[in-house]
Amino acid sequence: MSDATEDIPEVDYVEGTGIPIRGNDIDTDQIIPARFMKVVTFDGLGEFAFFDVRFDDDDNQKDHPMNEERFQDANVMVVNNNFGCGSSREHAPQALMRWGIDAIIGEGFAEIFAGNCLALGIPTVTADHETINALQQWVDDNPSKEIEVDVAAETVRYGGNEANVSVDDAQRQALVEGIWDTTALMKANRNAIEETAAQLPYLDQTRSDIEADD
Amino acid sequence: MSRGTLYDKVWDRHKVTTLPNGQDQLFVGLHLIHEVTSPQAFGMLQERGLEVARPDLTHATVDHIVPTANQDRPYADDAAERMMAELEENVRDAGIQFSDPTTGDQGIVHVIGPEQGITQPGKTIVCGDSHTSTHGAFGALAFGIGTSQIRDVLATQTIAMEKQKVRKIEVTGELDEGVEAKDIILEIIRRLGTEGGVGYVYEYAGETIENLDMEGRMSICNMSIEGGARAGYVNPDETTYEWLEGTDYFQEHPEKFEDLKPYWESIRSDDDAEYDDVVEIDASELDPVVTWGTTPGQGIGIDDPIPAPEDLPEDKQDTARRAQEHMRVEPGQSMEGYDIDVAFLGSCTNARMPDLRRAARIVKGRQVADDVRAFVVPGSQRVQRAAEEEGLKDIFEEAGFEWRNAGCSMCLGMNEDQLEGDEACASSSNRNFVGRQGSKDGRTVLMNPRMVAAAAITGEVADVRDLKEVALQ
């Protein structure tokens, strides 16, 4: 079968209520502790997002935005700098997505994390420190009001404010045009793949067939 | 834009096309897989009715969850057993070579690739593990990927990526006694920041890097990601070629060695290559580095005072305050004398033969402090065997260390090797994140392997230069 016709949604726009997660250098071990990765699917990871900062040893809730009633329906996360650093585990954005997050606005993202988000169709848009601070404060004060993340126009609108944000060029194009699931896209270039491989001196050129499966 | 660097050349050789989204499609020369990040990718492939395109360019091992004490199957931990069984099934169905523990070739994925000679200069190498940057030590372009990208690579042997900038980090000066590659990279991360490398690939150059053995170069490239750089590399040279010549692949195919050498030479960065940024580091000023906080960028020389948060750049202050509270350290103190409960000598950063050898010279004839549990987890079964043959196992065991089987172990606490409660650990690994070693109250102090040995012996963070080294044999 071929998945070339698979319908990949365009993510040019996300709207919803926000949740602020403050702090620089929030690593993926914090987002999803390693012990929850002893699984062979991503199902059910949502409830373990930020587990160790949300619960104490006796599973009592700690002070954390994700435990607050007013943020339970949030789908736009507002974070600070170098968010998602450390381990490449896609379990981290998978856990956030399954908790309910559809878009993340931050001062900066670790590269692998941002790439993983893109592969899931989650925009990671950036803005400067002041903009993020102001937005986090606004979300705190207005947990039930909507934020509009316009990926195509690179703006975020909230409570009558409009802030300019940046979306990496390739990410924007991929999301806006619905070409963020790259498997089918790349598989279609079979001939070009073979040609590239044939030019690589380290490959055993006696075995040059890229397997076709459709 | 960089020009004429190894990165540019290897990128161009592997570029298939530019995708409609603006990313480049790159051919992947070697895809390494392990049990934690690959099962979901195989699942996605199955859902789409796709097969593994190039099993011949894919290589598997088991490292993250593998027990390092009792490895009898089924594993005592059901979840670990399930993950192992899933990997076995996936590689069997796809016809992927698997360095499992019965082969004698198993180990941490970033240790076994170089050992077997499948890690080579000028290859693109990916793995669902952020420390894939390790392979850059050989002049490969190597980086970590997520599970959806693993799916892409399994299905197409290609990956969608954007080209990054290149920062040359030129390290000069002779290393002081007790100072090694680990200290250089901790200093680089401290200076450039944990996010300083985002958007960059790091080229490590200069006489100090050139004088390092391959293991030292691997320690440095390994931690590129801790500085935010997804990939880091060293240009291949005679040291690289000497290593390659001794590996399985080139022992079995000696003709390939001569065939490929011109390619390896051709991908070295040109003398007049252009970089997006150049940073110079004088390594002769370095003391052994230890971390005082909860990011790898929070390092200091062993004698230096822990910085006051308010003396740091504004964006580092909050992280520093929280880190000092977690670690229970005060500004102005040094880390020397910080009590430790556990000493962990292992991980893809520092668990190769020279690492263990150097640590053994400190340990020999001494005893692990009474209240410290200390253990050595070799990076691979080959390292383990070589160390046993060389008598290192005996040295460690006589001193009171536990000698384990190969795996990731307490670097990330996914098997039974974990910190308990608020234990403090002197660790030769790469991350001191809160909770990283299996306990959310655990405290990790990163350092080089000899410093771990010194900490195990003294029961506290210590300056290894105060302990005399003992000749081996």
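A nonpolar core here is a set of buried Ala, Val, Leu, Ile, Met, Phe, Trp, Tyr and Cys residues joined through C-beta atoms within 7 Å. Keep that in mind for the first view, and note that everything below comes from a predicted model.

**View 1. The largest nonpolar core, with 208 residues.** Inside this core, the residues with the most contacts are Ile105(A), Ile340(B), Ala343(B), Val445(B), Val452(B) and Ala456(B). In soluble globular proteins, nonpolar side chains tend to be buried together. Zoom in on Val452(B) and you'll find Ala343(B), Phe344(B), Leu345(B), Ala359(B) and Met447(B) among the residues it touches, leaving aside those up to four places away in sequence. Val452(B) also touches Ala426(B), Ser427(B) and Ser428(B).

**View 2. Cys348(B) and its surroundings.** Look for Cys348(B) in the loop between strand E15 (342-345) and helix H13 (353-363) of chain B. Cys348(B) counts as buried because 27 other C-beta atoms lie within 10 Å, and the cut-off is 20 or more. Skipping residues up to four places away in sequence, Cys348(B) touches Ile108(B), His110(B), Val111(B), His131(B), Thr134(B), Asn222(B) and Gly379(B).

**View 3. Cys411(B) and its surroundings.** This one sits in the loop between strand E17 (402-403) and strand E18 (424-427) of chain B. With 30 other C-beta atoms within 10 Å, Cys411(B) is buried too. Its contacts, again not counting residues up to four places away in sequence, are Gly346(B), Ser347(B), Ser429(B) and Asn430(B).

**View 4. Where domain 1 meets domain 2 in chain B.** Chain B splits into domain 1 (6-164 + 216-266) and domain 2 (289-466). Their centres, taken over C-alpha atoms, are 27 Å apart. At the contact, 25 residues of domain 1 of chain B meet 25 residues of domain 2 of chain B. On the domain 1 side, helix H4 (109-116) and helix H8 (214-222) of chain B each supply at least two residues. H4(B) gives the largest share of that side, 4 residues. By type, the domain 1 side has 9 nonpolar, 11 polar and 5 charged residues.

**View 5. The contact of chain A with chain B.** Chain A brings 56 residues and chain B brings 69 residues. The elements giving two or more residues to the chain A side are helix H1 (28-31), helix H4 (111-119), helix H6 (169-177), helix H7 (182-187) and helix H8 (190-198) of chain A. That side divides into 23 nonpolar, 17 polar and 16 charged residues.

Technical notes. Residues numbered from 1 in each chain as written. Chains lettered and ligands numbered in written order. Predicted model: local features only at pLDDT ≥ 70, side-chain atom pairs only at ≥ 80, totals over all residues. Buried ≥ 20, exposed ≤ 12 C-beta atoms within 10 Å, placed from the backbone. Contact = placed C-beta atoms within 7 Å. Nonpolar A, V, L, I, M, F, W, Y, C, P; charged D, E, K, R; others polar. Domains from an automatic or database assignment.
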